[in-house]
Amino acid sequence: MIDLTKHDFTSLSVKDLLDAREAYHVHLAHLQSVYATAIGRYLIRDSDRNATERRHHSKPQALGPRTLFNSSVKDWSWPCILVFVRDWMKRSELKNHPEKQDQLVPPFLYLPDGRVVPTCVVKVDPNEGSPGVVDPPVFKSDLVGGGFPVQTMIQGKIHRGSIGCLVTNGETVFALSNRHVVGAAGREIFAGFKNTDRRLGVSDALQLGKRAFSDVYPGWPGSRVVANLDAGLIRVDDVKGWTAQIYGVGQVGDVVDLNVGTFRLEIINQPLIAFGATSGLMKGKIIGLFYRYKTVGGMEYVSDFVIGPRDGDTPLNNYPGDSGTVWFLDDPDAPKNASGARILSPLALEWGGQELFGSGGKVPMQVALGICMATLCRELDVELIGDWNAGHTEYWGEWGHVKIGAYATGLIDAKLPKLSAMMDANSDNIGLDDKLLADLKPYQHGTFAPLADVADLVWRFTRHTDESNHFADMDKPGRDGKTLLDLCAESARNVDPKVWNDYYDGIGEDRRGALPFRVWQIFDEMVEYAAANKKLEFVCAAGIVAHYIGDACQPLHISQFHHGLDPNDKKHAKVHSVYETTMIGRHGKDLIKMIPDAKTSDVAEIAPAATPTGRDAAVAVVALMQRTVKRLPPMTIVNLFNSHMGSGQVDVMWSKLKDATAACMQDGAKTLARVWEAAWRAGAGEDRGQGGKFDQGSLSKLYNDPSFLPAYPLQQLTLDANDHIVPVGGGGARRRSAPIARRARPPAVKKAAKKPAKNTAKATARRAPKKVVAKAVARKRPAAAAPVRRAAASKKTATKRGAARKRPLAKTRKAARKR
């Protein structure tokens with residue numbers, strides 16, 4: 001006999017579920033505990049035998065509340081209407097509270113034509129407060145693509161969101177995001193990354209808002225339903241600075257074509273991937289369709305997709321600032337581009353999210369709300385762009401510093417075994433190995449930054465006075481026609497802050513690159529750390545100086561043509577980003593292999609017959625800069641860029657410049673190793689115990705300390721009596737590490753000490769007997785030590801390290817060009 005009480009729900013369609021929800025709209029809306037509804041597939045509790053045994057049937061009352069935390073879709077889950085409720089009601093409770101009988105969600109919804117649709121009740125505890133705020137990651141690239149941050153100013157408040165992808169109407173290229181992100185037509189849109197606000201374009205008049213659900217999806221029920229199509233377009237100023245790829249995801253493929261004829265419930269539980277400007281890489285899955293998230297004035301508002309965590313071990317981590325992100329089907333077998341990045345199909349554009357707690361849970365589950373990409377393309381009448389400036393790895397950007405830093409740890413002279421062992425142990429603290437470099441992800445604020453990139457990832461946001469230390473335009477003629485390259489070639493004594501300031505004064509230049517003097521300053525610190533047996537500080541400083549030496553082997557960081565022949569020509573001013581970011585990012589995997597095989601001469605030991613000084617280190621860095629521009633002249637890069645402005649520009653530049661680029665980077669790594677060795681020798685590091693690997697927490701605490709390696713613009717630098725870099729006037733002069741190992745006094749200093757003292761307090765202190773000097777500085781120096789930086793300092797000038805002379809911030813920023 002047929003059991004008429006049993007039903008087979010497997011054949012129910014999307015339209016069947018929507019019909020049932022529409023028919024019971026009024027009934028469900030009057031249930032006080034109902035928070036939201038969606039259509040989907042039945043969620044089976046993980047503790048239920050039915051989760052592993054397809055034909056098992058458990059009694060619901062014995063299983064407790066169903067939540068998004070304790071249940072999931074199985075292969076045999078059937079179509080249903082998901083009903084999210086704030087309060088879980090048991091049938092047994094109704095005996096004591098009969099007045100709640102009418103608040104129970106019915107297990108089945110019966111339609112007049114005989115169709116029966118089941119419900120699946122899910123307990124949620126919505127977080128009514130504002131979600132937490134997370135700092136966005138730092139993107140080390142001038143090449144903008146999907147996943148990058150975008151911001152606008154509305155009524156004095158910054159609105160942040162994500163760039164989705166590039167689209168076109170056949171004539172104009174736009175960046176797709178949300179309407180609530182880009183704002184009204186004509187509003188300027190900026191990208192906030194690398195400590196720079198760069199205009200991307202303006203919001204276009206073509207936008208989408210809320211539309212009648214029955215108009216968006218003809219033939220489906222929804223007379224009182226509104227579809228949220230929150231989409232806005234950015235009219236891009238200059239498309240050459242963009243790529244169609246999505247950062248961290250891959251290349252854009254064909255859109256998933258969903259409409260009233262192709263929407264299937266099989267899409268439920270499909271794995272998705274996205275990259276948000278705030279949250280970074282996100283992995284999730286579809287848990288419901290046509291999610292009714294709000295009711296106002298008798299109208300219900302629907303989002304096409306509700307996206308939840310992929311599993312219990314992979315939270316979604318979706319935060320404000322991710323609006324505008326595109327979600328893709330995460331197909332492991334998807335085709336790949338030439339650089340190995342997958343070509344994935346976009347499914348949804350995120351416009352918002354919610355936080356839902358489980359039953360009694362304190363940790364929220366974040367869900368994202370998305371709009372069907374096929375619907376947006378149809379309504380906006382645009383097509384996705386998938387191949388413009390593409391061909392990169394999933395994570396593109398500048399990574400040369402961390403490669404140089406890690407590579408240099410293996411180049412230390414075997415005569416310094418303790419230094420070699422310590423730096424090798426900290427290789428992954430200083431840089432990254434080749435495997436990690438191949439998929440380099442953006443830096444997230446608050447996490448550990450590789451030491452070789454601290455100057456970019458951390459200090460660009462916290463130490464604006466460090467900006468001028470990343471470059472030096474050494475090919476610009478001075479008042480007498482000589483460049484800094486010429487002056488330094490004439491005499492090593494011209495590697496001097498006064499000489500350089502005089503040169504800049506002569507041409508009226510306020511943007512004064514100070515790169516060699518930053519190395520000089522850090523070198524002196526490293527010597528004292530080695531002498532004082534402060535190995536943690538030595539490693540941290542050594543890793544950080546790798547960044548500046550990495551800048552010294554990049555040709556465009558040494559040239560006035562950093563932004564091309566005319567910086568005001570936007571089209572040609574992108575030579576720096578195309579060379580250092582686009583070209584190297586696209587061919588990074590090949591370049592990683594080429595650097596060790598490059599043919600460059602060995603870099604000589606610094607001051608082999610004497611005690612190395614900071615000046616010696618700065619001279620060695622200037623020599624590196626001279627070799628770099630000789631090996632790869634900046635104008636070679638600029639002219640090649642200008643002569644190939646069309647399609648294939650990056651590939652042409654790579655074919656012509658790859659060998660010289662790899663050689664420059666290898667030369668930089670060799671010079672870096674020589675600088676480490678020189679500081680270690682000057683501080684007699686080999687005479688002390690063996691150093692090991694340091695934990696990243698201790699290193700990050702150190703580089704986040706404002707008094708550690710304070711930075712100054714060139715205008716504020718001078719030399720003290722002992723030839724050390726100090727700020728002008730002595731204000732903020734560096735504290736010495738204690739105890740300091742004695743280093744042998746250079747011959748010039750010894751000779752000067754024998755001369756008759758002049759009638760000045762400063763000269764008297766400098767030439768005082770050792771016993772007096774020791775008393776003046778109030779600390780002993782072991783016999784093997786070199787002279788201290790200041791034999792005697794007055795209380796008026798000796799202040800805490802890092803307290804730089806006051807200067808208006810606006811002037812400081814103006815004087816420091818950002819690199």
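This is a predicted model: local features need pLDDT of at least 70, side-chain atom pairs count only at pLDDT 80 or more; totals for chains, interfaces and linings use all residues.

Residues are numbered from 1 along each chain as its sequence is written, and side-chain values use heavy atoms, leaving out hydrogens and water.

Let us start inside. In soluble globular proteins, nonpolar side chains tend to be buried together. A nonpolar core here is a set of buried Ala, Val, Leu, Ile, Met, Phe, Trp, Tyr and Cys residues joined through side-chain atoms within 4.5 Å; buried means under 20% relative accessible area, exposed over 50%, and partly exposed in between, using a 1.4 Å probe and protein chains only. The largest such core has 116 residues, and those touching the most other members are Phe263, Leu289, Phe290 and Phe305. Its largest share, eight residues, comes from strand 15 (residues 225–236). Helices (H or I, at least four residues) and strands (E, at least two) are DSSP runs, numbered from the N terminus. A second, separate core holds 106 residues, including Tyr407, Ala449, Leu487 and Ala678.

Now to the aromatic rings. Rings of Phe, Tyr and Trp (its six-membered ring) pair if their centres lie within 6.5 Å, and planes under 30 degrees apart count as stacked, over 60 as edge-to-face and the rest as tilted. That rule gives 23 aromatic pairs. One of them is edge-to-face, because the ring centres of Tyr247 and Phe275 are 5.4 Å apart with their planes at 70°. This pair links distant parts of the chain, 28 residues apart: Tyr247 is in the loop between strand 16 (242–246) and strand 17 (251–252), and Phe275 is in strand 18 (residues 271–276). Tyr247 counts as buried at 4% relative accessibility, and Phe275 is buried at 2%. Elsewhere, Phe213, Tyr217, Trp220, Phe263, Phe290 and Phe305 form one aromatic cluster.

Finally, find helix 21 (residues 696–703), whose buried residues are Leu699, Ser700, Leu702 and Tyr703. They sit on the same side of helix 21 because they cover an arc of only 160° around the axis, the arc being that of the directions from the helix axis to the C-beta atoms. What covers them includes helix 8 (427–430), helix 10 (454–457), helix 11 (459–462) and helix 15 (535–552), where contact means heavy atoms within 4.5 Å.
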